[in-house]
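Please look through the sequence and the structure shown below before reading on. The report is written for someone who meets this structure here.

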Amino acid sequence: MGEPGMNEVRVAPDAGALMRLAAEEVARRAEAAVAARGHFFIALAGGATPRRLYQLLADPRAPFFARVPWDRTQVFFGDERHVHPDDPESNYGMARAALLSRVPVRPEHVHRIRAEDTDAAAVAADYERELRSAFGLSPGALPAFDLVLLGLGQDGHTASLFPGSEALEAHGRLVLAPYVERLRTHRITLALDVLNAARAVVFLVSGAEKAERVREVLLGEGPLLPAARVRPKGGELAFFLDAPAAALLGRPPAAPPAPGG
Ligand code: 6PG
């Protein structure tokens, strides 16, 4: 998978089922990564959608908590708002409340983006150093996340890679700090090259308001939206959708009737 047009698309009937599907995928990949390489490196998505997934993963009564090798898991972030971790807008703050404060990940294995620093470029440079150190990267190498979770914005952005952003064309950097005109703020984000170096990327998309963009990203012919440029070169790509988000994908044409049928 990962070839354009060869994406795996899985549709769950509703948001709850979507979160269970995603939690199963996280647990499965965590087990496989630790079995293969002794650790599981995951980059969490921000925004509102993944909160329920993180709460489900942290729930000891659900079947996923016991499966994830938390002591071998290292947690990173795909992007961050340029705010303090205690700010309600903080992606780290959301993940800390929903997941990280409730599972036994080692504190030194939680790699948050230190976005409280007012100099966004310095925040990006700091996180780039942290990535290189955590992955033991040689100069010029890219980190190979075992799993990158991403969301989809209504404008087709993902992480904090927004349409028309120069950040989409940046090469040689792992972490960027683009100024986002529409939001009138800087964001800190993994570069597209990093997303495309992952072993697996899973988009988690819920809600009818995303259906048009989902169709455009998966079936569109126009200029590629940022989310459509995520195509892991040697990795797998999957879109986990609930039915409302998948509503405009249509259904494959029914097989023609058998001859004489
Ligand atoms: C962020 C996210 C962003 C998000 C999409 C979807 O920091 O906001 O990284 O890319 O995934 O905007 O957000 P919702 O899940 O809130 O719709």
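What follows describes aromatic pairs, the surroundings of the ligand, a helix, and some loop residues.

The model is a predicted one, and every value given here was computed from it.

**Aromatic rings**

A search through the whole structure turns up 8 aromatic pairs. In one of them, the rings of phenylalanine 41 and phenylalanine 76 have centres 5.6 Å apart and planes at 40 degrees, so this pair is tilted.

Another aromatic pair, formed by phenylalanine 203 and phenylalanine 239, is stacked, with 4.6 Å from centre to centre and 0 degrees between the planes. Phenylalanine 203 is in strand 9 (residues 200-205) and phenylalanine 239 in strand 10 (residues 236-242), so the pair ties together parts that are 36 residues apart in sequence. Phenylalanine 203 is buried, and phenylalanine 239 is buried as well.

Ring pairs also join Phe41, Phe76, Phe135 and Phe145 into a cluster. A charged side chain meets a ring elsewhere, where arginine 112 lies over the face of tyrosine 92, at 5.6 Å from the ring centre.

**Around the ligand**

There are 15 residues around the ligand, and those that come nearest are Thr49, Asp79, His157, Ala159 and Lys210.

| Residue | Atom of the residue | Distance to a ligand oxygen atom |
|---|---|---|
| Threonine 49 | polar side-chain atom | 2.6 Å |
| Aspartate 79 | polar side-chain atom | 2.7 Å |
| Alanine 159 | backbone N or O atom | 2.7 Å |

Taken alone, the ligand exposes 420 Å², and the protein buries 86% of that area.

**Helix 3**

Of the 10 residues in helix 3 (residues 91-100), 8 are buried, so this helix is largely enclosed by the rest of the structure. Its buried residues are Asn91, Tyr92, Gly93, Met94, Ala95, Ala98, Leu99 and Leu100, and what covers them includes strand 2, helix 2 (51-57), strand 3 and strand 4 (79-81). At the start of helix 3, a side-chain oxygen of serine 90 comes to within 3.2 Å of the backbone nitrogen of tyrosine 92.

**Residues in loops**

Although alanine 159 is not a glycine, its phi is positive, at about 50 degrees. Its relative accessibility is 12%, and because buried means under 20%, alanine 159 counts as buried.

Serine 160 is likewise placed in the loop between strand 5 (147-150) and strand 6 (175-176), and with a relative accessible area of 1% serine 160 is buried. Apart from neighbours within four places in sequence, serine 160 is in contact with Asp79, Pro178, Arg187, Ile188 and Thr189.

Is arginine 184 buried or exposed? Arginine 184 lies in the loop between strand 7 (179-180) and strand 8 (185-190), and at 68% relative accessibility arginine 184 counts as exposed. Its phi is near 55 degrees, which is a positive value in a residue other than glycine.

Key:
Residues are numbered from 1 along each chain as its sequence is written. This is a predicted model: local features need pLDDT of at least 70, side-chain atom pairs count only at pLDDT 80 or more; totals for chains, interfaces and linings use all residues. Side-chain values use heavy atoms; hydrogens and water are left out. Rings of Phe, Tyr and Trp (its six-membered ring) pair if their centres lie within 6.5 Å; planes under 30 degrees apart count as stacked, over 60 as edge-to-face and the rest as tilted. Helices (H or I, at least four residues) and strands (E, at least two) are DSSP runs, numbered from the N terminus. Buried means under 20% relative accessible area, exposed over 50%, partly exposed in between (1.4 Å probe, protein chains only). A charge sits over a ring if NZ of Lys or CZ of Arg is within 6 Å of the ring centre and within 35 degrees of the ring normal. A residue is near a molecule or strand if one of its heavy atoms lies within 4 Å of it. A polar contact is a pair of N or O atoms within 3.5 Å; within protein, one must be able to donate a hydrogen and the other to accept it, and residues adjacent in sequence count only if both atoms are side-chain atoms. Accessible areas come from the Shrake-Rupley method with a 1.4 Å probe; for residues, only the protein chains shown count as cover. Contact means heavy atoms within 4.5 Å.
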